[in-house]
Amino acid sequence: MSDVELDLIQLAAQGDASACKALYERHYEAVYRYCYYHVGDVAQAQDVTSEVFVRMVQSLDTFNARGRPFVAWLYAIAHNLIADIYRRTNRALELPLDESMVASEDNPSRIAEQRLLAECLVAALAYLTEEQRQVILFKFVQGQSNVEVARLMNKSEGAIKSLQFRALAALRRALEKEHCYEP
Amino acid sequence: MNPDLQVALDECLQLLQYGTDISVCLATYPQHASELRPLLELAAAVRKVDTPVPAESARAAGLHRILEAAAAKRASQSQPAFAPWHGLRSWLGDSQSLHKNVRLALQMTFASVMVLAVIISGTVVASAATMPGDVLYPVKLAAQQAQLTLTFGEVARQHLEEQFGVQQRLDVQRAVQAGRHAEVQLEGRVDQVAENVWVVNGLTIRFEPGTTVVGQPGIGVWVNVRARLPGDGSLIATQVVVTEGRHGQPPKTVPHVTAEPGGTSEPAGTPSVPGPKPKETPIPKSTLKSRPTDAMPPQAKPTDQPKLPPEPKATKEPKPTQESKPAREPKSPREPRP
């Protein structure tokens, strides 16, 4: 964790508005993606993301880095919120993707393709374990290195290499089940 | 699970990230090509997936929510705290109006005062069990004096003085029994008078040649005693001053008696020279407040000296020649308490 981020965290813990805003801007995208690939719905992902940062402001007093990245703490908050949602609704990760969720591209075919891929990915991720889902998200959706993923998940690099192999294999099988993959 | 396959997959994933073609990677690991290909293709496909972007309005609304939460947090933190320490720390840490250096200086000063207070209080606590001869015993006496100074109200003060008197007597007693070498000073009423031995405040005090006695001694009088502990379990008086009460002055126009070798002039040590009984010469504590200071001349307090001629007390003046000595002969009859 950088000194700048540490300073921001300390200021935000005191309720400093600019520090809270800076942390929000830094981590919004990552937290949103994490939420999106867990709930599969843009509106709900936006709501959960917003709630994650409110909880962040309220709970920063209790934050203890313990050598892990700050965003890992935010993922943990998001994970708990999403688990609450699933408990309340008693449903699995099967959520429809609305039309507005896709990236704004001019090319309609690309839009359709991306939407399909995103739908498939969200649906297939539901078959994975939480660790497998996280390694797919961090490594291939967020584009983070093995070192970064290891720190986020509090595991060794070797464990991440092993986990990513199993995660990709599991994802492949899940996509086949969802008819999104043809060998 | 094949560890080689995991390593090959990881290396190929890194190569792909740098733009290497899958075929190049598969050529590097031909033995794993069939297993690697689908996984590498899948990884490449997942990397290409565009995550749906959130709406700007939602992002702005989220920011608005956390700014509200931050404001609520600031408001809750600015509430008056129960502990004064919290308020002071908040003021020192958060005040925007203070220059940074001034704030730092204040923080350093505050920290120093706190450290000093801890050291002093620790020393005072450590001195509580000391007795004469210990390094920290003066600290104990000073703490008692400070406590007396800070005690308001005549009754409370007198109660405390009695308490400390008892404590000091016990301290001296312990030091005597422990065979300590020390100089002590104590106050108290004379309980018994025998040849070369007085009992003051329950402590047996020996007189030696050279022991100075100021004032008219006797059973029941209040004395201020300076004594030394030679280390043999005894207490030897070096100076005894008869006072009018606790912290009092020696009586006016009193003889200055010096113990002579051989005990020829014991300090009122014989029954034939009875001192005033406690009931006869009560030492009203209420007069302590009205007692003149050292700087005041005796005539400044006319009520203390009735104009009636003093009754002759021949028996109380064993050595008339010594009456010529001024009452304030002792240099410091009113020794400050340590």
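Which pattern does chain A follow when read along the sequence? Chain A follows α-α-α-α-α-α-α-α. The model is predicted: local features need pLDDT of at least 70, side-chain atom pairs count only at pLDDT 80 or more, and totals for chains, interfaces and linings use all residues. Residues are numbered from 1 along each chain as its sequence is written, chains are lettered from A in the order written, and side-chain values use heavy atoms, without hydrogens and water.

**View 1. Chain A as a whole.** The secondary structure comes to eight helices and zero strands. Helices (H or I, at least four residues) and strands (E, at least two) are DSSP runs, numbered from the N terminus. Of the 183 residues, 51% are buried (under 20% relative accessible area, 1.4 Å probe, protein chains only). Among contacts (heavy atoms within 4.5 Å) with a separation of 6 or more, 59% join residues 24 or more positions apart.

**View 2. Q164(A) and its neighbours.** Q164(A) sits in helix 8 (residues 157–177) of chain A. Its relative accessible area is 0%, so Q164(A) is buried. Leaving out residues up to four places away in sequence, Q164(A) touches V135(A), K139(A), F140(A), N146(A), D10(B) and L13(B). The side chains of Q164(A) and D10(B) form a polar contact of 2.7 Å. Such a contact is a pair of N or O atoms within 3.5 Å; within protein, one must be able to donate a hydrogen and the other to accept it, and residues adjacent in sequence count only if both atoms are side-chain atoms.

**View 3. Helix 6 against helix 8 in chain A.** Helix 6 (residues 130–141) packs on helix 8 at about 100°, with axes 9 Å apart. Axes are lines fitted to C-alpha atoms over the stretch in contact, and angles run from 0 to 180 degrees between N-to-C directions. The two helices are therefore roughly perpendicular (65 to 115 degrees). The contact residues divide into nine nonpolar, two polar and three charged. Ala, Val, Leu, Ile, Met, Phe, Trp, Tyr, Cys and Pro count as nonpolar, Asp, Glu, Lys and Arg as charged, and the others, Gly among them, as polar.

**View 4. Helix 8 of chain A against helix 1 of chain B.** Helix 8 of chain A meets helix 1 (residues 3–17) of chain B at about 85°, with axes 9 Å apart. That makes helix 8 of chain A roughly perpendicular to helix 1 of chain B. K161(A), S162(A), Q164(A), F165(A) and L168(A) meet L5(B), Q6(B), L9(B), D10(B) and L13(B).

Methods: Buried < 20%, exposed > 50% of the residue type's maximum accessible area, 1.4 Å probe, protein only. Parallel < 35°, antiparallel > 145°, perpendicular 65-115°, else oblique.
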